[in-house]
Amino acid sequence: MDQYIRSLENEFMRQDLPEIGPGDTVRVSVRIKEGNKERVQAFEGIVMGIRGSGTGKSFTVRRVGAAGVGVERIFPFTSPSLEKVEVLRKGKVRRAKIYYIRNVKGKVKIKEKRD
Amino acid sequence: MKGILGRKLGMTTLYKDGKAFGVTVVKAGPCTVVQKKTLEGGEYDAIQVGFEELTPERAKKILTKPLVKKFEAAKVKPQRVLKEFKVGNINDYTVGDIIEVGVFSEGEKVDVTGYSKGRGFSGAMKRWNFRGGEASHGAKFHRELGSVGNHTEPAKIWKGKKMAGQYGNEKKTIKNLTVVKVDAENGLIAIYGAVPGARGGLLVIKSATR
């Protein structure tokens, strides 16, 4: 049964995005529509986790913005407004969802993953 | 009017013109026309269609003898499900015709009928969204339905009073859903929104009545 749903989803699956995982620092370029104009905005932060499968798969990116306010954005992997994703740094973490970084005081330190 | 039978597969997200749609995927058809009813024949213009072919051995086991004979007489393969659709022009169909999912196209409006998920004997809170009482603070009134009526006048409970009872497993029709995608090759149809029933449940898809 599932194979049929996957066959419909296949059309929307994107191959152009890099492999990302929790702890990675990424820059996500999102297309934003303002009236008739379209521009690209970048969102840079740490990947907190990946959830879902198929067209419902998404990832959460967290950055600490101005005045120390944490901002988290959820991006669907299949979203048409997702222009590109760049991996700036591979992080080495021990869990799949690094929600603990919300409670870290000061700078979040994540070791770099070396292959 | 067009109609087809299918089984619910599940839900997913599809994109169209840059917009995301939560859709239900249904494996619909092929349906075989088993019988025609006509106005001249003393009835009304309708076709009876079968869904899910059975092998002759299987048919003998799970169908009644009159049904097996009916399929034999119509010279079609035995089918598990039989349903009737009233059609506009009866002459478009002949017995033995196959109805595929391709009869529907993207953007069309459809009505979807199925049996909702059974929830058994449910309390008034689940069945009728009653508020119930507090869970704590010394309350002794938790998930009950409260007062059911007046006193000596009328000295009875009104018929139709919302109470606990069987909830779910009823025939439900969701009207005016939009077809987002049709995959004729695999016999799949993606319908915007939710439809009644569990995965694997039987669904009747008809073109919208209004």
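**Rings and charges in a predicted model**

Student: What makes Lys86(B) count as lying over the face of Tyr44(B)?
Tutor: Lys86(B) is at 5.1 Å from the ring centre of Tyr44(B). A charge sits over a ring if NZ of Lys or CZ of Arg is within 6 Å of the ring centre and within 35 degrees of the ring normal.
This is a predicted model, where local features need pLDDT of at least 70 and side-chain atom pairs count only at pLDDT 80 or more, while totals for chains, interfaces and linings use all residues. Residues are numbered from 1 along each chain as written, chains are lettered from A and ligands numbered from 1 in written order, and side-chain values use heavy atoms, without hydrogens and water.

Student: Which ring does the charged end of Lys57(A) sit over?
Tutor: The ring of Phe77(A), 5.3 Å from its centre. Phe77(A) also belongs to a cluster that ring pairs form with Phe43(A), Phe59(A) and Phe75(A).

Student: How many aromatic pairs are there over all chains?
Tutor: The search finds 5. Rings of Phe, Tyr and Trp (its six-membered ring) pair if their centres lie within 6.5 Å; planes under 30 degrees apart are stacked, over 60 edge-to-face, the rest tilted.

Student: Why is the pair of Phe21(B) and Tyr192(B) called edge-to-face?
Tutor: The centres are 5.0 Å apart and the planes stand at 85°, so the pair is edge-to-face. Phe21(B) is in strand S2 and Tyr192(B) in strand S11, 171 residues apart. Strands are DSSP runs (E, at least two residues), numbered from the N terminus.

Student: Why does Tyr192(B) count as partly exposed?
Tutor: Because its relative accessibility is 39%. Buried means under 20%, exposed over 50%, partly exposed in between (1.4 Å probe, protein chains only).

Key: Helices (H or I, at least four residues) and strands (E, at least two) are DSSP runs, numbered from the N terminus.
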